[in-house]
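Below are some notes for a colleague who has the coordinates open. Please read them alongside the structure.

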Amino acid sequence: RDCLLSRGLGDVYKRQEVTSAKSASVQAGYYIIKDKDSSQDGKHDAYTNYIVQVAGNVKIVPKSSVPTVKKEVKDINDSTDTALGEWQKDADHDVNDRVWFRLTGTLPENYATYTSYEYIFHDTMSKGLTFDPSSVEIYLGDEETGTKIDVSKYTVSTQSGANDGTEITIKFADLKTAVNATSDNKITVVYKATLNEQSVIGSAGNPNKVYLEFSNNPNGNGTGKTPEDTVIVFTYKVAANKVDSNGEKLAGAGFKLSKFDKESDSWKLVGYQNVKLGASGNPVETNGRYEVENATDTSFAWNRIDDGKYKLEEVVTPAGYNTIDPVEFDVVAGHANLTLSSLSGTKTTGTVGEYTFTANAAEGSLTTKIVNQSGTVLPSTGGMGT
């Protein structure tokens, strides 16, 4: 680290450069030691300011204090929980879910020595998430026990970023005048974003990053920045291939996928596949039967789903075949340390076929074969004959 050693002699200042490898021989007296101009600009470091009395050999240890920042996200399994989980580094969600994010910034130990303090969160959101500026709330302290900061004290702005993402800037032009903070305080930002149709399915996920820009020169102007901190949001898909009892592709089927919602204690529609929908979004019926969208389709997929409990129903059955019983299955995913570590699907009900799900974590997919049997279905024991 390069510093300048100065001593005032009347109106004349004598300066010498000192580093860890280069000492200076000086007379006894009072000296100012400062970082070289521009040496700490843009770094995760800060300038220092010392006045030193020299009466013998003195070793100067430059001491600076800088803030930190971290980003977190919340997760929930809608089928088993009614409340969001703890703040963490990764999560998985369904499309159109409102996802909670939190930014936490600290302050430097020498915060009191600054006359003004610029404090700016630079948040980069991937294209798979739609930021809601109106959801931003900022607290001195945390969001549960801290004091909410009035919106007039800061600005929130956005612009298009790389890869069609969004760059979010949350700025305190002078934190000193905005809030009565000390070096022991932290600044907490919470906001929501919606997982959208551009979100990436699978292990690549939808990463989001933040860094903090901060005043780093108690003697004048200048800013530094922290390293980036990252969170990631995953999402998955379920695919079904329609076949007959010989394993051959079978066209003419339509399906409905639902997810069990713990809060309402009911099944909620995820979506239809190969079913013609009207302007209202409901299936089109002819003579009491749903119409298929494409008479030749044999493969179907429900994209951007979360972990949870699902039910697959055949709502249009190919002519000459028997309708399958509804199939309930669980989607289970494991993720930690920004990595999708596991993905699996397990059938929990359904009497026709075994319905084995083949998982591909990289693609975020669970794929199964849906088998239709032709011919007459025999009644259960004791029932009426055909």
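1. Which backbone oxygen lies 3.0 Å from a polar atom of the side chain of His-93? The oxygen belongs to Lys-74. Bear in mind that the model is predicted.

2. His-93 sits in the loop that runs between β6 (90-92) and β7 (98-106). Its side chain also makes a polar contact of 3.2 Å with the side chain of Asp-97.

3. His-93 counts as buried because its relative accessibility is 2%, and the cut-off for buried is under 20%. Leaving aside residues up to four places away in sequence, His-93 touches Lys-74, Asp-75, Ile-76, Val-99, Leu-195, Val-233, Phe-234, Thr-235, Ile-305 and Asp-306.

4. Strand β7 belongs to an open sheet of five strands, ordered β5-β7-β13-β9-β10 with antiparallel pairing. The edges are β5 (69-73) and β10 (147-148); each has a single partner strand, so one side of each has no neighbour in the sheet.

5. Thr-147 in β10 is the bridge partner of Leu-140.

6. For the protein chain overall, there are 27 strands and one helix. Of its 386 residues, 42% count as buried. Among contacts with a separation of 6 or more, 64% are between residues 24 or more positions apart.

7. The accessible surface of the protein chain is about 20200 Å². Carbon and sulfur atoms account for 45% of that surface.

Key
Residues are numbered from 1 along each chain as its sequence is written. This is a predicted model: local features need pLDDT of at least 70, side-chain atom pairs count only at pLDDT 80 or more; totals for chains, interfaces and linings use all residues. Side-chain values use heavy atoms; hydrogens and water are left out. Helices (H or I, at least four residues) and strands (E, at least two) are DSSP runs, numbered from the N terminus. Buried means under 20% relative accessible area, exposed over 50%, partly exposed in between (1.4 Å probe, protein chains only). Contact means heavy atoms within 4.5 Å. Accessible areas come from the Shrake-Rupley method with a 1.4 Å probe; for residues, only the protein chains shown count as cover. Two strands pair if DSSP finds at least two bridges between them. A polar contact is a pair of N or O atoms within 3.5 Å; within protein, one must be able to donate a hydrogen and the other to accept it, and residues adjacent in sequence count only if both atoms are side-chain atoms.
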